[in-house]
Structures are given as structure tokens and as C-alpha cells.
Amino acid sequence: MRSFWSPGGNTSIARQLFVWQALVVTLLVAIGTAGAVLLARDDAAQAAIDQVTGIAESVARSPTVIEAVQQPNPTETLQPYAESVRRATDTDFIVVMATDRTRWTHPTISLIGKPFIGTVAGALDGGRVVETHAGSLGESVRTVVPVRDATGRVIALVSVGITTDAINQRLIGRAPVVLIPAAFALLLAAAGSWLLSRRLRRQTHGLGPAEMTRMYEYHDAVLHSVREGLVVADRDGRVTLVNDEARRLLGDALPPEIGELIASRAVAADEPVLAGDRVLVANQRVIRSEGHTVGTVLSLRDHTELRALTGELDSVRGLTEALRAQAHEAANRLHTVLTLVELGRADEAVHLATAELAVAQQLTDQVVGAVSEPALAALLLGKSAQAAERGIQLVVDEASRISESALAGRDLLTVVGNLVDNALEAVTGTPPPRTVTVLVVENDGEVRVEVSDTGPGIADPAAAFRRGWTTKESGRGVGLSLVRQIIDRYGGSHTVSSTPADGTVITVRLPVPS
């Protein structure tokens with residue numbers, strides 16, 4: 001079992017803090033109480049000195065005493081007087097003595113007539129003696145003063161004293177005055193320490209220092225090594241933690257879409273967002289502790305490359321599906337031609353075969369002749385086949401001209417593919433004729449991509465390139481956002497014109513990099 005105080009112990013920081021605070025507070029209260037007791041003792045001793053001095057001087061000036069000490073038997077008068085004064089003043093002894101120390105009065109009768117024990121030299125000289133001395137009644141605080149006659153001559157001495165035990169008893173009687181405030185202060189400090197410990201325990205979840213150190217080391221290692229970007233925000237939406245991957249993905253400034261997502265504190269699952277020239281997939285969860293919302297944690301994954309590759313794969317898949325459909329259609333036509341030949345209708349067979357071949361070759365020649373970028377040509381051919389299957393006519397404008405090195409192939413595929421997809425989606429299900437026209441032309445140092453359709457138009461053209469806008473029931477509105485991202489990266493521009501009667505025309509202009 002590990003020690004309570006060992007660094008690897010399980011004792012929480014809150015408990016250790018409480019114990020140390022209790023020890024320190026107890027020590028301080030004990031020191032303060034001891035100091036107060038010492039001060040009270042000194043005060044009690046000084047009060048006793050003042051008391052016995054005043055009584056001694058009053059007795060020495062009493063006419064009864066002055067007259068009695070000059071008589072043959074002073075004890076007869078002085079003993080009753082001294083005892084009455086002693087009882088009235090709550091002192092331990094009042095001794096009236098001759099100048100040779102012979103006692104005339106004493107609380108103990110047997111000691112009358114015996115020498116006084118203590119210092120009297122100063123009083124014999126007309127002064128005053130104040131001392132703590134061990135006499136016949138034990139240690140006492142006493143004062144010795146002279147008794148003078150009418151001429152001022154010292155004719156006797158008076159000593160009044162209080163034993164140390166009596167002073168201590170008086171001090172004990174005053175102890176509650178010192179101890180009660182000390183106990184109250186100790187209880188108040190203990191209550192404060194307990195409340196502070198409880199709050200600290202709640203904030204640290206009862207963890208010990210070693211556990212907190214390990215947790216910090218583990219969390220720090222995870223934050224620096226995880227391949228996802230992590231952004232943690234407090235309950236007010238202020239970002240409190242960003243790991244290395246998040247800094248790489250987001251840069252120095254928080255993109256507006258990320259800021260809006262964090263401020264909304266909405267739960268997000270695999271939601272695509274744009275950050276500069278990156279497409280990120282965001283997941284956001286609300287952090288709760290003891291039923292209270294304390295913030296949000298946002299995880300980000302970079303899907304830029306994956307989106308681009310997916311786009312290229314969709315293009316290839318579309319081309320493959322188109323080729324498969326054409327192969328199926330070609331097989332049907334071949335069977336038809338063979339049947340016509342078998343029926344002896346060779347001229348009709350030749351006309352059917354050459355007509356279909358001429359149409360397909362014309363489209364291929366048009367696309368390949370206008371577009372020297374192989375991937376873009378394949379994309380347009382694939383989209384043409386897809387459009388034909390959906391009863392849509394995809395027309396590549398004869399004015400299309402673009403060189404292979406004008407723009408990065410991936411960027412051009414993203415722009416043209418997403419614009420054509422949105423156009424095909426817009427005219428699907430509308431009354432014929434359903435037509436989509438594509439123009440891709442390089443001129444005066446820029447590439448202009450123009451896609452028009454005969455669809456019903458866009459209700460809010462200004463929102464078309466905003467993330468989340470889509471014409472699909474299950475879409476996420478990322479396609480045109482990716483197009484806008486490429487436009488921003490190239491420093492280009494876009495226009496959208498749309499009416500229910502004429503359909504929609506989207507034009508994108510991209511400067512050709514030098």
C-alpha cells in the first residue's frame with residue numbers, strides 16, 4: 001500500500017490541500033493563542049503589582065496604622081485591621097512590621113513576631129520595593145512601602161502580596177476570553193478550508209497530483225500525435241485549445257464556416273466544411289459535466305484529396321457506365337443489322353449501321369477536336385452518355401477550345417463536372433426538350449466555362465455557390481462550394497443568371513496561371 005504522502009499515492013490534491021491548510025491554520029491559531037496567554041499572564045502580573053502597591057500605600061497612610069505602630073502592642077490593633085483589609089481586597093497577605101523586620105500582623109498567627117522574609121532595604125530608605133519572592137506562603141508578587149510619622153521619619157513597613165498561584169487562578173478564570181475566540185477562529189478556518197477543498201475536488205474530479213501529471217502528459221501526447229484536427233471551445237464559444245493538425249488545416253485564422261459551426265454548438269456528424277482551399281469533414285459534440293454544458297469539441301479530417309480523387313473516379317465510372325450502355329446498344333443494333341442482311345435488305349442494314357456510327361463519331365470528333373485535355377474529353381463523353389440515358393441532350397458548344405496545359409486537370413474536372421451535374425439534375429424530370437449546353441474556351445489568358453440548361457431556374461441565384469445549397473433531396477451542397485473554392489484560389493469570378501422561362505446559365509472565369 002502506497003504512502004498517503006508519496007508522490008504516487010492516490011490522495012487527491014483537494015484532500016492534501018485540506019490537510020496542509022488544517023495543519024497550518026492549527027499551528028497559527030496555537031501560536032496566536034500562546035501569545036495571547038503570555039500577554040494575559042503579563043497583564044495579570046502587572047495588575048497584581050498595581051493592586052498590591054495601591055493597597056500597601058493606602059494601609060501605610062492609614063491613621064490607624066500610624067498610631068498603632070507607635071503603641072507598645074501594635075499587634076492588638078493591627079492584626080484585626082490587616083485581616084479585614086486583606087479579605088476585602090482579595091489579597092493573600094498584609095504584613096505590618098517593624099523596621100527590624102519583626103512581623104506585627106500575618107494571616108498565619110504563628111508567624112507573628114518572626115522576621116519578614118524578603119527585601120526591605122529600599123523601603124527603609126523611604127522608597128518602594130516591588131518583587132516576586134518565595135516567602136512563608138510560597139512565591140508571591142509583593143510590594144513593601146514605609147510607614148511615616150508626622151515628621152516623615154520611617155517608623156514601620158507595610159508589605160502586601162498576592163501569591164503566584166492566585167494570579168494563575170485569576171488567569172485561568174480569564175481563559176474563556178482567550179480560548180473561545182481562538183476556537184471560533186479555528187472552526188472558521190477549518191470550514192473555509194473544507195469548502196475550498198470541496199470546490200477544488202469538484203474541479204479536479206478528485207484526481208491526485210500524479211494522476212493529473214500523467215493525464216496531462218497523455219493528453220499532450222495525444223493532441224500532438226492524433227491525425228485529426230481538434231478544436232475545443234468553452235461554453236461561450238471561445239476557442240481554448242487547438243492541436244497541431246487543426247493549426248495545419250485551418251491556418252492562422254478561424255474560417256467563417258468553422259466559426260459559425262462552433263458558435264452554434266450544434267451536433268454535427270461528418271459535415272463537409274470549407275477551410276481555404278481544403279474540404280474538411282467536421283464532427284462536433286457538446287461537452288457536459290454533471291449535467292452542465294461546459295463547451296464543445298470539434299474534430300476535423302482533411303478530405304480534399306479524397307474529394308478530388310472521388311470526382312475523378314466518378315468521371316471514370318460515368319465513362320465506364322456510358323461505354324457499357326453503348327456496348328449494349330451496339331449489340332442490339334448489330335443484331336438488327338444482321339437480321340436485315342439475312343432478310344435480304346442489305347441497303348437498309350448499311351444505312352442503319354452507318355447512320356448510328358456517324359452520330360457517335362460526330363460527337364466524339366467534336367469533343368476530342370475541341371478539348372485536347374484527355375480527362376476532360378472523357379468526362380464530357382461520359383456525361384453525354386449519362387444524359388442520353390436520362391433523356392437529356394448534352395451539347396458541347398462548337399466554340400469550345402482549350403489546351404491541355406491551360407489549367408490543372410483536376411481543377412478543370414471539378415469545375416466542369418460539378419456544373420454539368422447540377423445542370424443535369426436541374427433538367428431531370430422537366431418537360432422536353434431537356435438540354436444542357438457546355439462551353440469550355442480558352443481566350444485572352446483565361447478559361448471560361450459556361451454551362452446552361454433548360455430547367456426551371458434557380459430561386460436564389462446568389463445562394464448557388466454557398467455551402468449547403470443543393471437541388472438534390474439527399475445532397476449536402478458541396479459541389480458548387482468546391483467550384484467556388486477553386487475560383488477563389490485562382491482569383492477568378494462567376495456569374496449566375498436564371499429565369500423560369502430561359503433556364504439557368506452559370507459562367508466561371510479562371511485566369512490561366514503564368
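Of the 514 residues of the protein, 36% count as buried, where buried means under 20% relative accessible area, exposed over 50%, and partly exposed in between, with a 1.4 Å probe and protein chains only. The structure is a predicted model, in which local features need pLDDT of at least 70 and side-chain atom pairs count only at pLDDT 80 or more, while totals for chains, interfaces and linings use all residues. Residues are numbered from 1 along each chain as its sequence is written, and side-chain values use heavy atoms, with hydrogens and water left out.

The secondary structure comprises 14 helices and 14 strands; helices (H or I, at least four residues) and strands (E, at least two) are DSSP runs, numbered from the N terminus. Among contacts (heavy atoms within 4.5 Å) between residues at least 6 apart in sequence, 55% join residues at least 24 apart.

An open sheet of 5 strands has the order 6-5-9-8-7, and its pairing is antiparallel; two strands are taken to pair if DSSP finds at least two bridges between them. Strand 6 (239-242) and strand 7 (268-275) stand at the edges, each with a single partner strand, so one side of each is left without a neighbour in the sheet. On average, neighbouring strands of this sheet are turned by 25° against each other, direction ignored. Strand 5 (residues 229-234) is joined to strand 6 by 3 bridges, and the two run antiparallel, with Val242 of strand 6 as the bridge partner of Val231.

Helix 14 packs on this sheet, touching strand 7 and strand 8 (278-289), and its direction makes about 25° with that of strand 7, where axes are lines fitted to C-alpha atoms, for helices over the stretch in contact, and angles run from 0 to 180 degrees between N-to-C directions. At 1.5 Å a residue, the 12 residues of helix 14 (residues 479-490) should span 16 Å, which agrees with the 17 Å between its end C-alpha atoms; the expected span is 1.5 Å times one less than the number of residues. The helix is mostly covered, since 9 of its 12 residues are buried, including Leu480, Val483, Ile487 and Tyr490. Just after helix 14, Gly491 takes a positive phi of about 75°.

Strand 10 runs parallel to strand 11 (residues 435-443), to which 4 bridges join it, and Val395 stands opposite Thr437 in strand 11.
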